[in-house]
Amino acid sequence: MAPMPQPDRDPLAATRRLLIDGTNLLHAISKAAGGAGAAPPAALIGRLRGVIPAPVAIELVFDGPPERGLRNERIASGVVVRYGGGRTADSVILTMIEDVRLVDGADGTATLLVVTDDRDLRHGSRLRGARTAGSAWLLGRLGSGRLASPSIGNPRPPRPVAGGVPNDPAREEAERRGWTPGRGATTKKGNPRKAPKGSGTGRMPP
């Protein structure tokens, strides 16, 4: 076994291939979103490519059989999705690390970064010379505040008003058009003029 590499402050600094425990990551996303249910694997592909530098190859490994349209192949630029089928994703990832170690030795495995929260997988990966990072690191790059995006077409919340009283559409329309006097309103015509001096008794005309 290769010596266990030390943790990196910047996991991507020496990374050429990013091996992601996809099933584990989907559960972490669900937990961060308040248990709203695991996102489909396809939802990760575009977002991951957007937050990982282009020279780094991304390989997502999931448990179970492949979903329709995702069959152990390249899906996007530099992104490959694999499914364990009858094997676990952990076993597939460890085999991938072993293959690199046999061909390129410790120098090759040192360029691999495995993202998982599974303790056994992290330990096995590091024993084989790969580096590891937790799901929290990757979720931080994705932006945890955007994990549960609002659905399209959600209504805009009501505009706040003073005192917390809901807006009255009729009143808002009147304010928009401007006030005009109606029935019972008094029309103000300005200051009344005084009668000219010497005009008679000083009584107001009828």
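Analyst: Let's start with the buried residues of helix α1, where buried means under 20% relative accessible area with a 1.4 Å probe, protein chains only. They are Gly22, Thr23, Asn24, Leu25, Leu26, Ala28, Ile29 and Ser30. Helix α1 covers residues 22-32, and because eight of its 11 residues are buried, it is largely enclosed by the rest of the structure. Helices here are DSSP runs (H or I, at least four residues), numbered from the N terminus.

A word on the source: this is a predicted model, in which local features need pLDDT of at least 70 and side-chain atom pairs count only at pLDDT 80 or more, while totals for chains, interfaces and linings use all residues. Residues are numbered from 1 along each chain as its sequence is written, and side-chain values use heavy atoms, with hydrogens and water left out.

Now look at Asn24, which sits in helix α1. Its side chain reaches the backbone nitrogen of Asp117 at 3.0 Å. This is a polar contact, meaning a pair of N or O atoms within 3.5 Å; within protein, one must be able to donate a hydrogen and the other to accept it, and residues adjacent in sequence count only if both atoms are side-chain atoms. Leaving aside neighbours within four places in sequence, Asn24 is in contact (heavy atoms within 4.5 Å) with Thr116, Asp117, Asp118 and Ser135.

Finally, follow the chain onward: after α1 comes Gly34, with a positive phi near 85 degrees.

Methods
Buried < 20%, exposed > 50% of the residue type's maximum accessible area, 1.4 Å probe, protein only. Helix = DSSP H or I, 4+ residues; strand = E, 2+ residues; numbered from the N terminus.
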